[in-house]
Amino acid sequence: MSDILLANEATIRLGIFLGVLAAMAAWEVAAPRRRREIPRLIRWSNNFGVVLLDTVLVRLAFPVVAVALAVFAAERGWGLFHAVEVPLWLAFVVSVLVLDLAIYLQHVMFHAVPALWRLHRMHHADLEFDVSTGLRFHPLEILLSMGIKLAVVAVLGAPAAAVLVFEVLLNATSMFNHANIRLPERIDRVLRLLVVTPDMHRVHHSIYPSETNSNFGFNLPWWDRLLGTYRPQPRDGHEGMTIGIEQFRNRRELWLHRMLIQPLLGPASGYPINRERRPKAAKSSKPAE
């Protein structure tokens with residue numbers, strides 16, 4: 001089973017990635033939640049350029065990825081679930097839940113530490129919110145995130161199948177909950193009990209720091225509710241809210257080379273948790289030319 005997963009991991013992940021991306025892109029055209037102000041070609045060409053760069057760097061920096069590490073740990077008896085005998089189904093469920101909690105806590109950490117916020121704010125500096133935003137992360141953040149994920153997999157001794165399912169779910173739900181799609185309010189209200197919906201996560205991309213520092217979940221919505229970071233709706237409504245952060249409001253900041261140097265530019269103030277202040281730019285939702 002492990003050999004089959006390793007042999008087909010890339011195909012499985014790429015197939016699901018392309019399928020979810022195509023579905024969300026089509027849905028955004030058919031039923032958009034917000035009006036698009038910036039040509040998709042500008043944002044998508046640069047956002048997907050980041051994805052390509054992230055993928056190459058991860059493959060170069062890490063000789064093994066999460067699923068391969070899970071197989072390696074199983075062969076050598078590393079990790080909690082190889083030291084304590086539990087049913088496979090329980091190890092599977094707990095592994096997915098713990099990995100998701102780790103990603104939630106990592107996300108909070110990237111909002112709490114100013115140096116890490118410098119990396120993460122590139123994700124928030126997108127001037128619109130759609131499926132491509134869910135893939136737009138600074139390469140250094142991706143490398144740090146992968147290191148944390150590998151550490152959790154090794155400590156848990158997570159089953160390879162659980163790691164693959166988690167990786168696929170995280171990637172798919174990130175594209176779903178960043179999509180500019182309209183869901184009926186009643187469906188959204190029920191669905192967000194089980195998964196982070198676009199309306200729930202969009203609040204996290206508000207220009208107001210108090211809203212930026214809420215709704216940290218990517219996959220499961222329960223951690224925000226349990227740990228007090230849940231905010232149901234943006235104060236200005238979904239159509240009227242301003243997406244992004246105070247800094248980097250000019251459209252030239254959407255270009256790949258500008259995104260990559262953002263951690264070096266300007267102060268890391270206003271948004272890190274416990275360093276909040278009311279943004280001056282919240283009056284206008286239209287980005288500068």
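Student: How many salt bridges does the count come to?

Tutor: The count comes to 16 salt bridges, a salt bridge being a side-chain nitrogen of Lys or Arg within 4 Å of a carboxyl oxygen of Asp or Glu. The model is predicted, with local features needing pLDDT of at least 70, side-chain atom pairs counting only at pLDDT 80 or more, and totals for chains, interfaces and linings using all residues. Residues are numbered from 1 along each chain as its sequence is written, and side-chain values use heavy atoms, without hydrogens and water.

Student: Why is the contact of Asp-199 and Arg-33 called a salt bridge?

Tutor: The N to O distance is 3.0 Å; the limit is 4 Å, so the pair qualifies. Asp-199 lies in helix α10 (residues 198–202) and Arg-33 in the loop between α1 (2–30) and α2 (40–61), so the pair ties together parts 166 residues apart in sequence. Helices here are DSSP runs of H or I with at least four residues, numbered from the N terminus.

Student: What makes Asp-199 count as buried?

Tutor: Its relative accessibility is 8%, and buried means under 20% relative accessible area, exposed over 50%, partly exposed in between (1.4 Å probe, protein chains only). Arg-33, at 12%, is likewise buried.

Student: What is Arg-35, buried or exposed?

Tutor: Arg-35 has a relative accessible area of 72% and is therefore exposed. Its salt-bridge partner is Glu-37, with the closest N and O atoms 3.9 Å apart; Glu-37, at 40%, is partly exposed.

Student: Which residues are linked with Asp-199 in a network of salt bridges?

Tutor: The network links Arg-33, Arg-182, Asp-199, Arg-202 and Glu-239.

Methods:
Helices (H or I, at least four residues) and strands (E, at least two) are DSSP runs, numbered from the N terminus.
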